[in-house]
Amino acid sequence: QKFNEILETAQSFTSYLEELETINQELENVQIYENPYTSLSPEGLRVSYDGLMNAIRKSMNETENQILTRDSKGITDAEMQKYKVSFNHFDTDSSNTLESHEFKACLMSLGYNIKSSGGAETDTLRRGASMRRPSVIENDFDKIMAIADPGRLGYVTFDAFVNFMTRERKMENTSESVIESFRTLACDQPFITEEVLRRELTAEAAEYCIERMDEYKDAHPDEGKAYDYQSFSSRIYEK
């Protein structure tokens, strides 16, 4: 409604601009080409006016798309605003897209704990308890990027960003989300080793898992002591 009012107000100036262009044409017909009272020209005003109208219509379309996305995905106004603010903050070149490094920084600002491949934390933010969402390994960030950018364009649009965040929100507090997190840590293996648990989780969380996880019998002896994270994750949400 507000955008429609702004658009109507802007459109009401069309007649003034057309009148100005008519007067300017009459002056040019009698070979008067300069106006000592202003540095503006009808041509320049027309370009600025058309630019304004295009900007208003673009904003209207973006807002309508965001409303449709919000309603179709069950996102609240507060969540949509949070996503938009975060996205715009890290869209440093105002391209309406996030490059991979911008996307990673945006996720970290939203609480994702992204760690280096060597295990040293580059950020201490966490989304809730460590057992709810184990840390993401940096060399698996490509997997996250592939989800948000399936076309491998090298950037993430706002719609793709919202889709990713909605997917993450739906996965929270489910056994599937915990299994997926452990699978990431385990590099897609059906088991996770004690070494990985102690390296990637806090000491307290690692001990919690080791004490409660069943041993994975089919792991190769070279893997060391291995645990069944899938049955463990399922049991958590059965309680």
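Which residue follows α8, and is its phi positive or negative?

A: C187 follows α8, and its phi is positive, near 55 degrees. First, the ground rules. This is a predicted model, so local features need pLDDT of at least 70 and side-chain atom pairs count only at pLDDT 80 or more, while totals for chains, interfaces and linings use all residues. Residues are numbered from 1 along each chain as its sequence is written, and side-chain values use heavy atoms, with hydrogens and water left out.

Helix α8 itself covers residues 175-185. Helices here are DSSP runs of H or I with at least four residues, strands are runs of E with at least two, and both are numbered from the N terminus. Eight of the 11 residues of α8 are buried, so the rest of the structure largely encloses this helix. Buried means under 20% relative accessible area, exposed means over 50%, and partly exposed lies in between, with a 1.4 Å probe and protein chains only. The buried set is S175, S177, V178, I179, S181, F182, T184 and L185.

Back to phi. Most residues other than glycine have a negative phi. Q31 also has a positive value, near 65 degrees. Q31 sits in the loop between α2 (14-29) and α3 (42-73). Its relative accessibility is 63%, so Q31 counts as exposed. S94 has a positive phi near 55 degrees. S94 lies in the loop between α4 and β1 (97-99). S94 is exposed too, at a relative accessible area of 62%. Just after α5 comes G111, with a positive phi of about 110 degrees.

Take the packing with α4 first. The axes of α4 (residues 77-90) and α5 (residues 100-109) come within 9 Å and cross at roughly 140 degrees. Axes are lines fitted to C-alpha atoms, for helices over the stretch in contact, and angles run from 0 to 180 degrees between N-to-C directions. The pair is therefore oblique. Under 35 degrees counts as roughly parallel, over 145 as roughly antiparallel, 65 to 115 as roughly perpendicular, and the rest as oblique. S86, F87 and F90 in α4 meet E102, A105, C106 and S109 in α5. Contact means heavy atoms within 4.5 Å. By class, these residues are four nonpolar, two polar and one charged. Ala, Val, Leu, Ile, Met, Phe, Trp, Tyr, Cys and Pro count as nonpolar, Asp, Glu, Lys and Arg as charged, and the others, Gly among them, as polar.

Now α6. The axes of α5 and α6 (residues 141-148) come within 11 Å and cross at roughly 100 degrees. That makes α5 roughly perpendicular to α6. S100, F103, K104 and L107 in α5 meet F141, I144, M145 and A148 in α6. This contact has six nonpolar residues, one polar and one charged.

Last, the strands. Three of them form an open antiparallel sheet in the order β5-β7-β6. β5 (192-193) and β6 (214-215) are at the edges with a single partner strand each, so one side of each has no neighbour in the sheet. β6 pairs with β7 (residues 226-228) in the antiparallel sense over two bridges. Two strands pair if DSSP finds at least two bridges between them. D214 stands opposite D228 in β7.
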